[in-house]
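Me: I would like to learn how to read helix packing and aromatic pairs in a model. Could you take me through them one at a time?

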Amino acid sequence: MIRIHFTAADFAQVRFAPQPAPLLELNVALMKMTLPDDEVLFGRWRRRLLRSLPPAVLPFKDVVPGKVPPLFLDIFNGTLTEGWETMRATPPDVVRAELRRAYAGQPSPAPSWIRALYRGEAGAWEPLRRAQHAAFETALRPVWPLVQDLHRTEFTRHALVVAEHGIGAALTALVPGTRLQGDVWELAAPVERDIRLDGRGLLLMPTFHWTGHPLLSDLPDRPVTMTYPAGSGLPLPPDGAEDADQALAAVLGRTRVEMLLLLAEEHTTSGLARRLAVSNATVSAHANALRGAGLISTVRAGRSVLHRRTALGSLLVQRHSGGRSAYG
């Protein structure tokens, strides 16, 4: 049982995150990937993700060598850049304490980059930054617009309950089976834990890749943050979605479809080549065809060539994917 103790001031400082946090959603997605539960909903997604993650994500295994992740990974900012800057600004004594906690009882010594991070050496964070970027691009970038839509829906649901029934009813409605006993919010969990807000307030953060008990982040000088599973999470693809995807690939070709999916965000020619495991010349040829059809735009920035999906390209992808997620 988790018990969160409120003061009167804390009830006035309950906030709902206005947008999803990329690094938090990435953390829970990777946690879900390593667990054997929810096979019906997550099994195929889990196997596909394990196959597709690039070697650049391996530093995650170093920073989370066991079941206890360092708390400095708990980042709730609304963009990747802000999240990374917040993590990089973690006080050195907190980084050292959390690495000691993560490696306590581990049979193998920490790798050299973790020891450099422990010592606070310049550049020691870079392996983790690259790992987070690679993992986000593979696991979350294709479904991030859907995560944002689901977050807005959850935000609206919470706001309506607060407006109609008050903050107490809204809190107990977030997680089934919870109850508010006076100034103590009780949540079912496999651990016994008491958290006293003491005027810091509470930030509520829904997540769409987690189906377990609520997760609490209680860091010094920060609001306590509760991450909770929102609804049933990301939906399964609708019937016929894979057939529609195959139909689009039959018209455009698999590589061009993958390019369109990647170009929801701007990429260089060489960046696309790395992601698609093809040559720069192959990317350029496909880009010429997609640009001629009005599906992508291309601009030059210095020595680089930048490509991005046009509104027409986005409409084509959405019409054929039905807004489905990467699951299935």
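Me: How is the packing of two helices described, and at what angle do helix α2 and helix α8 pack?

Reply: Two packed helices are described by the angle between their axes and the distance between the axes. In this predicted model, helix α2 (residues 22–34) and helix α8 (residues 126–140) pack at about 75 degrees with their axes 10 Å apart, which makes α2 roughly perpendicular to α8 (65 to 115 degrees). Helices are DSSP runs of H or I of at least four residues, strands runs of E of at least two, numbered from the N terminus; axes are lines fitted to C-alpha atoms, for helices over the stretch in contact, with angles from 0 to 180 degrees between N-to-C directions. Local features need pLDDT of at least 70, and side-chain atom pairs pLDDT 80 or more, while totals for chains, interfaces and linings use all residues. Residues are numbered from 1 along each chain, and side-chain values use heavy atoms, without hydrogens and water.

Me: Which residues of α8 make the contact?

Reply: Gln132, Ala135, Phe136 and Leu140 of α8 meet residues of α2 including Leu26 and Leu30, contact meaning heavy atoms within 4.5 Å.

Me: How is an aromatic pair described, and what is the geometry of Phe136 and Trp144?

Reply: A pair of aromatic rings is described by the distance of the centres and the angle of the planes. Rings of Phe, Tyr and Trp (its six-membered ring) pair if their centres lie within 6.5 Å, with planes under 30 degrees apart stacked, over 60 edge-to-face and the rest tilted. Phe136 and Trp144 are edge-to-face, 5.5 Å centre to centre with 65 degrees between the planes, and both Phe136 and Trp144 are buried (under 20% relative accessible area, 1.4 Å probe, protein chains only).

Methods: Angles under 35 degrees count as roughly parallel, over 145 as roughly antiparallel, 65 to 115 as roughly perpendicular and the rest as oblique. Buried means under 20% relative accessible area, exposed over 50%, partly exposed in between (1.4 Å probe, protein chains only).
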